[in-house]
Amino acid sequence: MASNSNGFLGNLGIVRSPGAPVPHRKHTTNCETVDMPVPATVSIGMSQHIGAPCVPTVKVGEEVFVGQVIGDSDKFISAPIHSSVSGKVKKIDTMLMPNGSKAQTIIIETDGLQTVDPNLKPPVVNNHEDLIKAVRASGLVGLGGAGFPTHVKLNPSPEAKAGIDTLIINAAECEPYITADVREIIENSWDIMSGVYTVSELLEVKNAYIAIEDNKPEAIKIMENIASKDDEHGDTVKVKVLPSRYPQGAEKVIIDQCTGREVPPGKLPADVGVVVMNVASVATLARFLKTGMPLVTKRLTVDGSAIKEPKNVRVPIGALVKDVIEFCGGYKEEPAKLLYGGPMMGTALASDEMPIMKQNNAILAFNRAEAQSYEESACIRCGRCVNACPMSLMPTKLEQASRFKNVEALKEYNVMTCMECGCCSFVCPANRRLVQSIRVGKTVLRNSGK
Ligand code: SF4
Ligand code: SF4
């Protein structure tokens, strides 16, 4: 019996090449995105990105507007945070975020008017510097889940930039259930192309790939059509069709698929001349440049056996998970497992009273039958986890090293190279919690300072 990192995807057989043939379960592909009404309050965390958290720039009792900056930081690796609603700041508190961290959170009582910040206007962009400033002002971070500030990614050092020749737009969406990115393609394809051209010009790259798994034929057709009609940009943008084998969307895997280049352990995509951006991120950037409205809403897939009406929903950032689920008809039955993100890489939530963050792309709720936790048994040394690992790691060794807090072994077996894709746990017939152990191992190594 195979299970994934969250333990409930069922029996899928033997893996014959790296990665895993996870079931797609893309039930909501044809569900057009619907807008969720603004809830009574939103809780907007000050740490929704990799890097320095923001500091609130508003006070309790202050009126705020949609798109207004409410948190910012003077650190380079950070991104401003904006209000997704109009209303009054009710409280500034510390709250547990879905990623397990505690963050200062601005709780806003909404007024239901959704008055837009009167100062918002499209940015004036005359040169490279203006564009980088605009990207920062948009509050954009990697929307595929990573949350890395986009203005930092798009502003490499002159030496690094000189070596970059390829932009890859990650539209693989290889996690089961999630269809938020495919809806972005179907509903906003021209925003995507506009964003691709802007970023290609910014980075001065001549090759751009929009990489999509072959289980999304409509999305492939749409992007191929648009790319072929654009005479102005020639054939700089190509659609790369990927096999539907998890984890095609992992950065190192997608780079290999599109360019044949291998990112060595400890190195970054830019070191092999590539920048990878999520498809929703480029589209959001294009919309910001047109309208001046920063990142204040997020499209999510809400699905799973415990959800009454699975949907793709555009939600105000800071809405609570329970409000989003309520908008989807509520729970069909008591959820035994609630996930923030997909079943392979998502985080299990202890409660639905947590806010939606910028990089979230799904909420999944499963009933007891589907979520039954698989009991761990002893490793039978079958080697499936080793065969499945796309990074050629040895998950069993890493698990052991982690359990014994063996820093030297964690280093020797390259724990930091693990991209936490969950393939090893997925294929393990003994239901070993390999990824969880590896995550702990990474923390052990980081804390050791070695
Ligand atoms: S060891 Fe890491 S990279 Fe390899 S399969 Fe497991 S989670 Fe994925
Ligand atoms: S942990 Fe052991 S039982 Fe599980 S896949 Fe790896 S070798 Fe097989």
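User: What are the ground rules here?
Analyst: The model is predicted, so local features need pLDDT of at least 70 and side-chain atom pairs pLDDT 80 or more, while totals for chains, interfaces and linings use all residues. Residues are numbered from 1 along each chain as written, chains are lettered from A and ligands numbered from 1 in written order, and side-chain values use heavy atoms, without hydrogens or water.

User: Which residues come nearest to ligand 2?
Analyst: Cys379, Cys382, Gly383, Cys385 and Cys428, out of 13 around ligand 2. Near means a heavy atom within 4 Å.

User: What classes are in that shell?
Analyst: Eight nonpolar, two polar and three charged. Ala, Val, Leu, Ile, Met, Phe, Trp, Tyr, Cys and Pro count as nonpolar; Asp, Glu, Lys and Arg as charged; the others, Gly among them, as polar.

User: New topic. What order do the strands take in the open sheet?
Analyst: 3-5-6, with antiparallel pairing. Strands are DSSP runs (E, at least two residues), helices H or I runs of at least four, both numbered from the N terminus. Pairing takes at least two DSSP bridges.

User: Why is one side of strand 3 and of strand 6 left without a neighbour?
Analyst: Strand 3 (55–56) and strand 6 (81–82) are at the edges, so each has a single partner strand.

User: What does Val69 pair with in strand 6?
Analyst: His82 is its bridge partner.

User: How many cavities of 30 Å³ or more turn up?
Analyst: One. On a 1 Å grid over protein atoms alone, a cavity is a set of points where a 1.4 Å probe fits but cannot get out; lining residues have an atom within 4 Å of a point.

User: Which lining residues are closest to the centre of the largest cavity?
Analyst: Cys389, Leu393, Cys418, Cys421 and Cys424, of 15.

Terms used. On a 1 Å grid over the protein atoms alone, a cavity is a set of points where a 1.4 Å probe fits but cannot get out, and a pocket is an open set with protein on both sides within 12 Å along at least five of seven lines; lining residues have an atom within 4 Å of a point. Grid points are joined across faces, edges and corners, and a volume is the space filled by probe spheres set on the points.
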